[in-house]
2 protein chains.
Amino acid sequence: MKLLDISEISKSTGIAASALRHYEDKGLITSIGRRGMKRLFTPEVIDQLALINLGKAGGFSLDEIKAMFGPDGRPALSRQKLHVRVDELDRQIQRLSSLRDMIRHVAECPAPSHMECPNFQKLLRISSKKSHGTSPMTPAWSRSKSSSPS
Amino acid sequence: MKLLDISEISKSTGIAASALRHYEDKGLITSIGRRGMKRLFTPEVIDQLALINLGKAGGFSLDEIKAMFGPDGRPALSRQKLHVRVDELDRQIQRLSSLRDMIRHVAECPAPSHMECPNFQKLLRISSKKSHGTSPMTPAWSRSKSSSPS
DNA sequence: CTACAAGCTCAAGTCGACTTGAGGTCAAGA
DNA sequence: TCTTGACCTCAAGTCGACTTGAGCTTGTAG
């Protein structure tokens with residue numbers, strides 16, 4: 001089984017070496033040794049990193065991701081808590097769908113100010129209701145860099 | 001039309017007064033005047049705040065939200081750009097759905113380490129493929145405080 | 001009239017997830 | 001053997017979205 005050094009991992013995942021070190025510091029991934037001073041990883045970490053990316057895309061913090069599927073591959077959370085996550089995600093998906101519908105509406109509605117459009121108002125009210133379910137979730141997967149098509 | 005002061009807005013929306021000031025500083029909402037030194041808002045801002053919350057839930061930065069539906073209610077982005085947002089949201093929804101399925105799987109699969117479960121592997125590969133579409137989106141609506149049911 | 005709770009401003013701090021920089025180490029090729 | 005370039009560590013910096021704190025102002029209840 002070929003062992004990979006940090007730059008190979010970085011190249012094949014697109015994740016910066018500094019970030020990989022950071023992940024190791026935080027215990028999300030593990031290097032299985034060193035060649036000289038350089039870290040060596042098994043190809044397996046590539047999958048783990050895919051999982052980490054997915055978790056991040058889902059808005060979970062590194063600590064949470066670690067708790068859900070640790071570097072050893074064993075979930076450190078109870079079934080119960082995982083199901084809570086699942087429900088949170090379902091709500092989040094609902095919210096995103098609402099938002100998408102509203103943005104689509106904004107893009108298409110000819111009203112000068114969308115706040116005056118009864119249709120828009122309706123969408124807004126609906127989405128407000130929905131979020132009043134159970135969750136105090138206050139997310140924002142901040143895009144910091146990248147994206148932003150001028 | 002009754003004018004509201006900052007604490008009334010705060011109470012009815014659950015958003016901290018400091019955050020409301022922050023939003024005004026950034027130009028997301030506008031107070032229509034002062035009573036003495038105290039800001040006065042029209043009830044309309046409550047809707048705007050609902051919209052802001054939705055945008056945040058969608059992972060947009062305050063600047064982006066401002067660009068999409070400004071404090072005056074006029075979208076400052078072209079239809080084109082809004083549609084790009086819509087597509088981004090669709091992809092994000094896909095990602096979240098994948099993640100939800102995987103977490104659900106982790107919660108239910110009896111395998112000692114989910115990475116060894118072919119089923120899980122499959123889910124992971126599928127979700128990796130999907131995100132290789134068009135987007136460089138690297139989100140994470142960090143939960144910082146709140147939530148975390150012990 | 002005076003006290004006070006509630007607001008205000010402005011600067012500085014916080015939190016998570018990294019990035020950047022300075023200075024050190026080492027395996028491998030010329 | 002010497003050089004080099006890839007990697008290392010550790011501390012400090014950055015970014016967004018607020019929060020906190022210090023010190024000031026003011027409408028209103030007593």
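This report describes the domains, a sheet, a helix crossing and the DNA surroundings of the structure above.

The structure is a predicted model, in which local features need pLDDT of at least 70 and side-chain atom pairs count only at pLDDT 80 or more, while totals for chains, interfaces and linings use all residues. Residues are numbered from 1 along each chain as its sequence is written, and chains are lettered from A and ligands numbered from 1 in the order in which they are written.

Chain A is divided into domain 1 (4-68) and domain 2 (79-131), with bounds that come from an automatic or database domain assignment. The C-alpha centres of domain 1 of chain A and domain 2 of chain A are 34 Å apart.

In chain A, three strands form an open antiparallel sheet in the order E1-E3-E2, where strands are DSSP runs of at least two residues, helices (H or I) are runs of at least four, and both are numbered from the N terminus. Strands count as paired if DSSP finds at least two bridges between them. Strand E1 (4-5) and strand E2 (33-35) of chain A are the edge strands, each pairing on one side only. Two bridges join E1(A) to E3(A) in the antiparallel sense, and Leu4(A) has Phe41(A) of E3(A) as its bridge partner.

Between the chains, the axes of helix H3 (residues 44-57) of chain A and helix H5 (residues 79-108) of chain B come within 9 Å and cross at roughly 115°; axes are lines fitted to C-alpha atoms, for helices over the stretch in contact, and angles run from 0 to 180 degrees between N-to-C directions. Leu54(A), Gly55(A) and Ala57(A) of H3(A) make the contact with Arg95(B), Ser98(B) and Leu99(B) of H5(B), contact meaning that C-beta atoms, placed from the backbone, lie within 7 Å. These residues divide into three nonpolar, two polar and one charged, with Ala, Val, Leu, Ile, Met, Phe, Trp, Tyr, Cys and Pro counted as nonpolar, Asp, Glu, Lys and Arg as charged, and the others, Gly among them, as polar.

H2(A) gives the largest share of the surface near DNA strand C, three residues, and H2(B) gives the largest share near DNA strand D, three residues. The surface near DNA strand C divides into eight nonpolar, seven polar and six charged residues.

Conventions. Two residues are in contact if their C-beta atoms, placed from the backbone, lie within 7 Å.
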